[in-house]
Amino acid sequence: MKTRILGVVALIAVIGATIDGLLLVPADLHQGDAQRVMYVHVASAWLAYASFGVTALAGLGYLWRRDLRLDAVALAGAEIGVMFTAFAIWGGMMWGRPVWGVFWQWEDPRLTTTALLLALYVGYLLLRRLTDDPARRAARAAVVGLIAAVDIPIVHFSVIWWRGLHQGPTFIDPAKLLDPSAPPLFVLALLAMLGAFTLVWVYLMIRRYQLARLEWQIEEDTRLGRVNAARRAASAGSAVAPAAAEEPAR
Amino acid sequence: MSDAAFVFAGYGVILGGLGLYAVLLVRRLRAARDASLRIRGEADAPPIDVAR
């Protein structure tokens, strides 16, 4: 029930932040209306980081505690992170075409490392399908999730470390934290969207975690069902055999 | 294409994708709950007493 309420609150927050970003905040002097895409693009990118961070931490926790609930958390983070990374790339393309003149440029370190991040976690999800053994699957996924997480800081700091089309940080740079280069109205619209998307993210993480636990339970119950069916077949066979032995030969 | 078209394409795909994922997730969860109850019911069923 609480999760359902969270879902409703998240939906209202997204509607409010979208109205703010599309209708209330003025267009940028230089970028025009294209700048409005930034609100959903940046929020998606940050939640992609958060999702993969959760996957890495939960994977580390699994390797330490061997608790399959942590594997369910890691799976939720990876699947939702893949979705948010795809959204961040899409939003960036929809902003890049009118502002840069191109949808994509492989020479840009931020774009390329983000594409690599997406590929790594799609690989993580595919890897999980290679085995039915929950413990082996969780251990392998945890290792891959930790290795893939190395790309998160590379993506984030790529705009500082290397030159490319993508601009530097607007207000997450520690030096700009208290004095962002963007106007306050834009920063507030971005924070509103980030807050709304975070609520959606929490809701989706809870639901995906619940689904992962159920899927694992179904796997276990199916195994138990097979064992039970085999026992039933064995007991039916042992009951039929004496009856056949009692039947007189013709 | 005007800037507004890119903005609507950006918001449309992202918000539409989020909504679609949320709906599909809830449906998957519901289906998994039903499957879990069904399988658990079958697994917990006592062995058939064929001697009777």
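**View 1. The overall build of chain A.** Of the 250 residues in chain A, 36% count as buried, meaning that 20 or more other C-beta atoms, placed from the backbone, lie within 10 Å of a residue's own. This is a predicted model, in which local features need pLDDT of at least 70 and side-chain atom pairs count only at pLDDT 80 or more, while totals for chains, interfaces and linings use all residues. Residues are numbered from 1 along each chain as its sequence is written, and chains are lettered from A and ligands numbered from 1 in the order in which they are written. Chain A has seven helices and zero strands, taken as DSSP runs (H or I, at least four residues, for helices; E, at least two, for strands) numbered from the N terminus. Its C-alpha atoms fill a box of roughly 100 × 40 × 35 Å along the principal axes. The radius of gyration of chain A, taken over C-alpha atoms, is 25 Å, whereas a compact globule of 250 residues would be near 18 Å (the rule is 2.2 Å times the number of residues to the power 0.38).

**View 2. Helix α1 of chain A.** Here you can follow residues 2–24, whose end C-alpha atoms are 31 Å apart, in agreement with the 33 Å that 23 residues should span at 1.5 Å a residue (1.5 Å times one less than the number of residues). Look for Ala10(A), Val14(A), Ala17(A) and Gly21(A), which are buried.

**View 3. Helices α4 and α5 of chain A side by side.** The axes of α4(A) (residues 109–127) and α5(A) (residues 134–148) come within 10 Å and cross at roughly 175°. That makes the two helices roughly antiparallel (an angle over 145 degrees between N-to-C directions). Leu120(A), Tyr121(A), Tyr124(A) and Leu127(A) of α4(A) meet Arg140(A), Ala141(A), Val144(A), Gly145(A) and Ala148(A) of α5(A); contact requires C-beta atoms within 7 Å. These residues divide into seven nonpolar, one polar and one charged (Ala, Val, Leu, Ile, Met, Phe, Trp, Tyr, Cys and Pro are nonpolar; Asp, Glu, Lys and Arg charged; the others, Gly among them, polar).

**View 4. The buried side of α5(A).** Among the buried residues of this helix are Ala138(A), Ala142(A) and Val144(A). The buried residues of α5(A) pack against α2 (37–65), α3 (68–100), α4 and α6 (151–161) of chain A.

**View 5. Where chain B meets chain A.** In this view, 30 residues of chain B are in contact with 38 residues of chain A. On the chain B side, 22 are nonpolar, three polar and five charged.

Technical notes. Two residues are in contact if their C-beta atoms, placed from the backbone, lie within 7 Å. Axes are lines fitted to C-alpha atoms, for helices over the stretch in contact, and angles run from 0 to 180 degrees between N-to-C directions. Angles under 35 degrees count as roughly parallel, over 145 as roughly antiparallel, 65 to 115 as roughly perpendicular and the rest as oblique. A residue is buried if 20 or more other C-beta atoms lie within 10 Å of its own, exposed if 12 or fewer, and partly exposed in between; C-beta atoms are placed from the backbone.
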